Amino acid sequence: MDAQERLSKLASYIDRMPSLPPTVTKVLEICNDRATSPVDLNRVISLDPVLMARVLKLINSAYYGLPNKVVSMVRAIIMLGINTVKNLALSTAVMDTLNRKTDLGVLNPVGFWRHSLAVGVTTRLLAKMHGEELSTIDEYFVAGLLHDIGKIPMDRVLAKEYVEVIEYCREREVPLHVAEREFLGFDHADCGRLIVDTWRLPTTILDTVTYHHRPAEYRGANSAFVYAVHTANYFVNASGIGESGDNYPAALDESAREGLGVDQTKLSELANLVDGEVQKAENFLKVV
Amino acid sequence: MIRLRFWGVRGSIPTPGAHTVNTGGNTSCIELRYGEAEHLVIIDAGTGIRGLGELLLRDASETEVIRASLFLTHTHWDHIMGFPFFAPIYRKGTELDLYGPVTWEDESLKKVIGHQLNYQYFPVHSGELAATLRYHELREERVELADGMIVHTTYLNHPVLCLGYRFEYRGTSVVTAFDTEPFRNLFPTDPSQSGFDPEIAAEGERAAREENSRLLSFYRNADLLIHDAQYTREEHRRDRMGWGHSSFDDAIENGMASGARRMLLFHHDPERRDDDFEHILARCRNIASKRNMRVDIATEGLVIELPDAQ
């Protein structure tokens with residue numbers, strides 16, 4: 001199978017892509033409740049990259065006449081209504097229970113979920129430190145939460161090859177995206193880009209998914225997003241929060257950190273805050 | 001000229017009976033004719049469409065082609081349940097273009113409408129229809145019909161994707177705003193409420209405000225605004241918030257704020273009796289008189305003619 005064949009196999013899986021296992025039980029509990037509050041609905045969706053991407057896909061494809069794409073879950077719930085969002089979340093969660101038997105992924109689902117959430121939380125904190133406007137802070141969180149979304153279909157659809165990719169990383173001590181490129185002909189940023197393109201998600205997400213491992217090459221208008229996600233990803237890997245499958249992550253691109261105006265001391269101070277946020281989410285989801 | 005005739009004005013479910021004789025009991029269906037050729041547009045296929053179908057068949061000669069563009073606001077039952085009883089679809093020589101929103105599941109319009117023509121619900125299968133049916137799935141966009149009629153669409157606030165339509169012909173505009181409810185912030189804004197978060201509260205306020213102003217700009221300066229007015233304000237606030245319908249007060253406020261010249265209150269609650277309207281209409285007219293906006297209750301059989309502005 002060549003890279004193109006693998007990518008088309010991934011493309012056909014994308015619309016069946018399930019929620020992440022740690023969130024499923026809570027999604028079912030909250031969405032099966034007739035009196036679900038928008039606060040709980042927002043919270044549970046904001047903790048799951050797949051659900052988040054799916055709701056954004058819906059709202060941005062339906063409302064394509066909008067001048068600016070919608071990135072905020074709060075706005076999506078107000079525009080689409082609680083029931084529509086609830087039904088969508090339920091059907092995505094149910095897909096997971098249907099797919100579970102054939103789930104042969106090598107990535108630890110809880111660890112991967114922790115990693116995604118921690119990068120989302122860190123990206124948000126970095127945006128605040130960088131002095132971004134309050135109204136865009138949530139957009140930074142979403143960009144961080146979704147940065148590795150390309151790994152989900154790769155892990156499920158190309159499960160056997162992905163085991164070899166991860167073993168190769170460990171043996172050669174190379175970053176995951178480098179091993180993916182060598183083994184498969186593309187990396188999770190390419191696969192993520194495929195999802196973002198197919199679902200027509202906003203450009204902040206497109207750019208961070210595509211460039212989170214090579215921020216220096218980025219030339220567009222969303223450099224603050226790309227720098228924040230790159231820095232957050234490095235920080236979360238280095239702090240050992242969750243598991244991204246990347247045991248030998250590439251070094252931090254210092255120009256990205258400097259571009260954000262965040263020094264090393266400030267960065268290391270984030271560890272407790274991020275850990276605390278992830279634990280709060282775990283308590284909410286009852287992750288054991 | 002645009003001429004409208006109301007074949008169904010009721011919401012939710014048909015309500016025949018002594019108490020609805022004057023207003024009408026059929027569900028949503030409006031006939032809109034425009035231009036010298038009297039091109040036919042139909043808005044919604046509630047039970048009112050049956051009578052329109054009978055009339056079309058009566059007036060057409062055997063060989064005449066019946067052409068119509070049917071715009072469905074959404075696919076809730078009261079807006080599509082008359083479709084299987086729209087007799088022209090069983091006639092060879094009918095050409096029907098169906099326009100409507102797709103659902104969030106991305107189910108095709110053809111599938112949603114076709115579901116009704118399933119032997120469990122109805123004796124005729126969709127494959128047996130003799131007419132030529134063409135389906136056009138709409139999102140927020142602009143559609144051009146024959147003779148320069150332009151139709152703009154926008155999403156309203158309803159529990160399923162639901163489109164408002166703005167028909168513009170020779171400078172005259174007719175806007176439909178049903179089924180819809182004003183957007184509101186669904187998140188706690190009071191710091192003492194559980195789940196309060198200042199960032200979320202502010203984002204929710206902004207989102208609701210911007211969405212409402214998006215709709216007002218869509219309705220702007222309509223020669224005729226046909227607006228959802230299912231509830232009284234008391235009914236709405238009591239236990240019907242989030243059901244996707246407006247109160248009479250919401251409708252009038254939107255009409256005045258958007259500069260409508262004339263408005264019709266539409267999609268009446270099944271519980272609303274003919275006697276109730278006198279008092280409601282007097283109150284609405286009193287409010288609307290401040291802006292010189294004409295207000296009427298939509299009734300079955302009502303005909304409205306709007307001259308060309310250009």
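I began with a definition: two strands pair if DSSP finds at least two bridges between them. Strands (E, at least two residues) and helices (H or I, at least four) are DSSP runs, numbered from the N terminus.

I noted that this is a predicted model, in which local features need pLDDT of at least 70, side-chain atom pairs count only at pLDDT 80 or more, and totals for chains, interfaces and linings use all residues. Residues are numbered from 1 along each chain as its sequence is written, while chains are lettered from A and ligands numbered from 1 in the order in which they are written.

**Sheet in chain B**

I looked up Glu168(B) and found Ser173(B) of S10(B) opposite. Strands S9 (163-169) and S10 (172-177) of chain B run antiparallel, joined by five bridges. I then traced the open sheet of seven strands: S7-S8-S9-S10-S11-S12-S13 (chain B), with mixed pairing. S7 (142-144) and S13 (294-297) of chain B are the edge strands, each pairing on one side only.

**Where the chains meet**

I checked contacts (C-beta atoms, placed from the backbone, within 7 Å). Here 23 residues of chain A touch 20 residues of chain B. On the chain A side, H5(A) gives the largest share, five residues.

Beyond its neighbours within four places in sequence, Val55(A) contacts Ile45(A), Met73(A), Ala76(A), Val85(A) and Leu88(A).

Definitions and conventions. Two residues are in contact if their C-beta atoms, placed from the backbone, lie within 7 Å.
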